[in-house]
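Subject: Structure handover and findings

Dear colleague,

Please find the structure below, followed by an account of what was found in it. I would be grateful if you kept both open while reading.

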Amino acid sequence: MADLTAEGADHIAAKPTRHAGQSGFAALLPLAALLAFGLILLVFALSSAQFLRPGNLFQVIAQSSILAVLALGLTVVVIGGGENTLSGGIDLSLAANLGMGAAIYAVLAQAGQPDLLAIPAAILAGLALGAFNAFAIVVLGMLPLLATLGSMTLAVGIEQVVSRNTTILVATPLRRFLGGHDPLFGLPILAWALLLTSLIFALIVHYSRFGLNLQAVGGNPAAARAAGLNTRAWTAGSYLVSGFCGGLGALFSVGFLGASSTGSAEYLLPVIAATFLGTVFSRRLSPTIGGTLLAALFLGVLANGFQLLNISSYWVAGIQGVLMLAVVATTSLRRPL
Amino acid sequence: MTDISFARPPRQSRIPLTRAALPLAVALAFAFFAVFADGFAQWNNLRALLVNNFALLAIVALAMTLAVHSGGIDLSVATAIDLASLAFVAALAAGYGVAPAIIAGLAAAGAAGIVNAFLIAVLGITPFLATLGTLFIGHSVQQLTTGGGNPLFVPFQQVPPALPFLARGDLLGLPVPVLAVLVLAALIAVLLSKSRFGRQSLTLGLQPLLALYSGIATGRVLALVYILVALIAGITGIFLSANVSAYMPFSGNVFLMNAIGATFIGTTMSASRAPNVTGTLVGVLFLAIISNGLLLIGWDFYWQKLGAGIAIILCLLISSGKARHPQ
């Protein structure tokens, strides 16, 4: 009965994972996924003249930026917490965090406060929710699923109290900047903002000491601890990053919509789908920043292409679900259970 | 299938505060509203609380308890609820009687369960992601069948008298939905504690590899779990439709998070931190008292939601107080 703990779960989980499978099959998957992505782009391009216009493509990127930035946060949490969805890292509060931050920003802007105050307020609110998650998970030892479920309710409550569940229009310099286009190429600022954010995240997570430690903590906590890492601090840090992403997503969303939105809960499931769909773009079939970005864009392209091809948008959720299932089914085939 | 959700060091049980936190919270909440909310403790209100706030969520939470007991989770209970409701109303609207309509509803919910069973038991996808996928697909299915989310009504002349009886009637002195909760709870409690299936499910929940190596047909147990979960959740869909004589698309979603919350809060009442029927029911009762009481106390609507959220979080925090991961 010694191994009944969540740590024990990690040991069990660590044994039969996909990392062992360096077969040709696994190495081919990312390539196949990219090919499939390319093929779908091609089909859309051939069937709709609109699709490949830079204006449209960058609009898709701008549109996907909100989902993508949230998914980047979740990716960091999953990398740092391990991929086991119940005892590992998960952050269900991200979408609600966005709603809360957007409401706070919009209410402050409406009250005539400058961006100089409203922007840090939204980001700090996101960080505070992240800190709450970190406290509940690392200090109190709550399951991430449960802790972030709780903070999600909290964030939804705060959003509703702050915004009184209404859409608040904003016309701030931030909105004009993020909602606009750059003067040089005429591309949406949000698309640039997403690409820049992803680049910074990719550099930190995949090319720095910080990222290496994070992956060690998520991949094998016991080994990371033996190597002298303070695993609790890293786990806490990953939830802070995720909270920051929630705040950033709030600003993106206000920039894109020109308003705070009451529908942030819609992002909850696509964010999880994008993160796990993204694993197929990595050689070890684990979450990566680049993979998540590609997956989020892929989901955006799919919705956009359907629109252009006049396919009912009612299919979108179902196809996203089937794709995600197909990906996780291929990656879990080698597991004994 | 290495999702271990509730496994905690057994010594946690020695801390009485942890196990008593939830019943205490229920008693405190009840006492608080009895004093501060006019009419809270009157029988009429308590009955409304049981029928409107407690019963339907309790059925979903009991279903969730089965999933969490086997070490998994089911995010697609919302799909099972909605599909059952859709098929039930569609059958009634097509002129079928109540009994065939109920069977149609349960069959539709069962279909969602079979999809989950296939994904989890055959393809080996973790329950969280498998049921998330089913939830997505269920969303599309409902959009496609209802033209994007239009409700479906049983024509007024066709509403059989059995519908209001199902939703609000009394049987053996109890409202029918509450009676259904009690019967289901008894059945599930016996199933989990006395049957071979229950013990196998518990082993899976605590030590999945141990279950596999001891020769338990894990695939069969899991398939059965997820089909049962969907069928039970489907009952909620039928009660929901019976109440309003209509199918409202995506109405199952409101139950999902609360059902998960109640189940996990309920685990604090068990010595081994396993999900259990009593704990789940007390957890649901807590949520029901909070939402009913805050409504009566006449708080601003949006502060009510925040209040409910804070109450749930406090309960979670207190009950998981000492259950930290060992270093």
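Helices here are DSSP runs of H or I with at least four residues, strands are runs of E with at least two, and both are numbered from the N terminus. This is a predicted model, in which local features need pLDDT of at least 70 and side-chain atom pairs count only at pLDDT 80 or more, while totals for chains, interfaces and linings use all residues. Residues are numbered from 1 along each chain as its sequence is written, chains are lettered from A and ligands numbered from 1 in the order in which they are written, and side-chain values use heavy atoms, with hydrogens and water left out.

Helix 3 of chain A

This helix covers residues 54–81 of chain A, 28 residues in total, and spans 38 Å from first C-alpha to last, close to the expected 40 Å (1.5 Å times one less than the number of residues). At S65(A) helix 3 of chain A bends by about 45 degrees, the bend being the angle between axes fitted to the seven residues ending there and the seven starting there. Of its 28 residues, 21 are buried, so helix 3 of chain A is largely enclosed by the rest of the structure. Buried means under 20% relative accessible area, exposed over 50%, and partly exposed in between, for a 1.4 Å probe and protein chains only.

N56(A) belongs to helix 3 of chain A and is buried, at 15% relative accessible area. Beyond its neighbours within four places in sequence, N56(A) is in contact with Q50(A), F51(A), N304(A) and L308(A), contact meaning heavy atoms within 4.5 Å. Just after the helix, G82(A) adopts a positive phi of about 90 degrees.

Helices 4 and 6 of chain A

Helix 4 (residues 94–110) and helix 6 (residues 144–163) of chain A pack at about 25 degrees, with axes 8 Å apart. Axes are lines fitted to C-alpha atoms, for helices over the stretch in contact, and angles run from 0 to 180 degrees between N-to-C directions. Helix 4 of chain A is therefore roughly parallel to helix 6 of chain A (under 35 degrees; over 145 is roughly antiparallel, 65 to 115 roughly perpendicular, and the rest oblique). Residues making the contact include M100(A) of helix 4 and V156(A) of helix 6 of chain A.

Chain B loops

F250(B) lies in the loop between strand 4 (246–247) and helix 11 (253–267) of chain B. Although not a glycine, F250(B) has a positive phi of about 60 degrees; its relative accessibility of 22% makes F250(B) partly exposed.

Yours sincerely
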